[in-house]
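Please read these points with the sequence and the model open side by side. They are meant for someone meeting this structure for the first time.

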Amino acid sequence: MTAHVADRTLREERLVRRMLARGEQGLADALCALKGVTFGRRYIFRSLYAIGGEGAVFDVVDTADPHASPLVGKVALHPVHLPFELTSDGIRDRRLALRRESVLLATCGSRSMPAEVGNYQFANPALPAARGGAFAEAEPVILMEKLPGVDLDRWLARVHRRGLPAATLQPTLDRICVNVILAVADLASRGFLYADLRPGNVRLVPYPRRIARMLDAGSIVRPDERDHMFPHVPAYLPPDLHHLATAGLPIAASEEVTAIMAGRTLYEIATGEPPFPGEPIDEHRLVDAPVSAPVATIAAALAAGEVGSVAAAYRYLRSRATNEVTLRPTPE
């Protein structure tokens with residue numbers, strides 16, 4: 001059994017069960033062992049909050065300011081459950097990726113992303129320091145603002161299941177679609193792309209009125225980057241890129257790629273159904289979806305690659321803003 005069973009939160013229980021189902025008990029043990037670790041002399045890892053492909057996020061307590069705004073800390077995810085894959089080079093590569101993420105988050109300057117609070121280091125108790133090399137080196141952590149609210153994918157699943165009347169849902173879904181486009185467009189205007197665009201990486205902040213903000217700074221890339229490993233989930237990739245990635249060929253992030261991913265994301269917001277990997281969206285589903293006609297039109301056009309950027313999509317919606325579609329931009 002993994003450690004710290006008695007003091008796990010319900011969220012941690014779900015995350016640990018998911019890891020155990022994948023045969024990652026050692027990883028679950030290692031992450032739970034970080035609870036209570038202090039860094040920066042004042043911050044303490046309190047509980048495991050989320051796990052991604054490359055990193056783990058913890059709720060963090062600021063012991064110097066009990067009334068501080070909620071914080072999270074992100075650390076690199078080392079495959080401690082696979083001892084033969086745990087090497088100094090691999091550890092350093094993952095730490096380098098985390099530091100790169102920190103630089104991108106700090107330099108992008110977008111309110112669409114969580115605010116970075118600082119960079120710190122700590123001794124990782126899950127790594128045997130006696131092995132030397134990277135095992136004995138300090139572990140970096142990015143300290144960030146914890147966004148309030150609920151993840152968009154969870155919210156959509158709950159709301160679409162309830163079968164609310166279209167007239168009730170439309171203003172809210174319209175607003176969310178517009179704010180997702182604005183969040184990604186804001187990053188693009190600053191010279192950054194959001195590569196892993198999907199509802200699971202969008203946070204609905206309750207004030208003011210379900211503003212959309214983006215999670216996971218590891219999804220930020222520069223337009224000139226060409227890497228077949230840029231973060232993505234297959235269902236949201238443009239179908240042609242999905243087929244290239246499946247064949248092991250390199251794929252490149254671009255404004256056009258981000259626009260198509262935005263269309264596939266808007267499709268899921270409107271219909272409650274995720275797109276099928278490698279297939280075009282079913283545009284007929286948008287006809288009866290509880291969103292306004294302008295939002296349905298731009299979702300279909302984006303997903304089909306007929307709109308070259310999310311900024312162009314927002315300009316389209318602004319030009320058709322009536323009582324049908326509510327435009328509420330993200331706060332500066």
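1. A residue is called buried here when its relative accessible area is under 20%. By that cut-off P294, V295, A296, I298, A299, A300, A301, L302 and A303 of helix α9 are buried. The helix spans residues 293–303 and is mostly covered, with nine of its 11 residues buried. Please keep in mind throughout that the model is predicted.

2. What do the buried residues of α9 pack against? Their partners are α5, α7, α8 (283–287) and α10 (310–319). Just after α9 comes G305, whose phi is positive at about 80°.

3. Two of those partners, α5 and α7, deserve a point of their own. Two packed helices are described by the angle between their axes and the distance between the axes. For α5 (residues 166–189) and α7 (residues 255–271), the angle is about 160° and the axes are 10 Å apart. This makes α5 roughly antiparallel to α7, since an angle over 145 degrees counts as such. The crossing of α5 past α7 is right-handed. On the α5 side the contact is made by L173, I176, C177, V180, I181, V184 and A188, and on the α7 side by E255, T258, L266, I269 and A270. Sorted by class, these contact residues are 10 nonpolar, one polar and one charged.

4. Helix α5 also packs against α10, at an angle of about 140° and with the axes 8 Å apart. The two helices are therefore oblique to each other. Here α5 passes α10 in a left-handed crossing. V178, I181, L182, V184 and A185 of α5 meet V310, A311, A313, Y314 and L317 of α10. The contact of α5 with α10 consists of 10 nonpolar residues, with no polar and no charged ones.

5. Which strands does α5 lie across? The helix lies across β9 and β10, running at about 35° to β10. These strands belong to an open sheet of three strands, in the order β7-β9-β10, with antiparallel pairing. Its edge strands are β7 (150–151) and β10 (211–214), each pairing on one side only. Two bridges join β7 to β9 (residues 202–205), and these strands run antiparallel. Within this pairing, V150 has L204 of β9 as its bridge partner.

6. There is also an open sheet of six strands, in the order β1-β2-β3-β4-β6-β5, again with antiparallel pairing. β1 and β5 (116–122) stand at its edges with a single partner strand each, so one side of each has no neighbour in the sheet. Helix α3 (residues 88–108) lies across β4, β5 and β6, running at about 30° to β6.

7. Strand β4 (residues 71–76) is mostly covered, and six of its six residues are buried. L71, G73 and V75 point one way from the strand, while V72, K74 and A76 point the other way.

8. How is β4 joined to its neighbours β3 and β6? Six bridges join β4 to β3 (residues 55–62), and the two run antiparallel. In that pairing G55 has A76 as its bridge partner, and F58 stands opposite G73. Four bridges join β4 to β6 (residues 139–145), which also run antiparallel. In this second pairing L71 stands opposite E145.

9. Most residues other than glycine have a negative phi. R41, in the loop between β1 (38–39) and β2 (43–51), has a positive phi near 65°. D216, in the loop between β10 and β11 (220–221), has a positive phi of about 70° and is not a glycine either.

10. D216, with a relative accessible area of 27%, is partly exposed.

Conventions: Residues are numbered from 1 along each chain as its sequence is written. This is a predicted model: local features need pLDDT of at least 70, side-chain atom pairs count only at pLDDT 80 or more; totals for chains, interfaces and linings use all residues. Side-chain values use heavy atoms; hydrogens and water are left out. Two strands pair if DSSP finds at least two bridges between them. Contact means heavy atoms within 4.5 Å. Axes are lines fitted to C-alpha atoms, for helices over the stretch in contact, and angles run from 0 to 180 degrees between N-to-C directions. Angles under 35 degrees count as roughly parallel, over 145 as roughly antiparallel, 65 to 115 as roughly perpendicular and the rest as oblique. A crossing is left-handed if the near helix is turned anticlockwise from the far one by less than a right angle, and right-handed if clockwise. Ala, Val, Leu, Ile, Met, Phe, Trp, Tyr, Cys and Pro count as nonpolar, Asp, Glu, Lys and Arg as charged, and the others, Gly among them, as polar. Buried means under 20% relative accessible area, exposed over 50%, partly exposed in between (1.4 Å probe, protein chains only).
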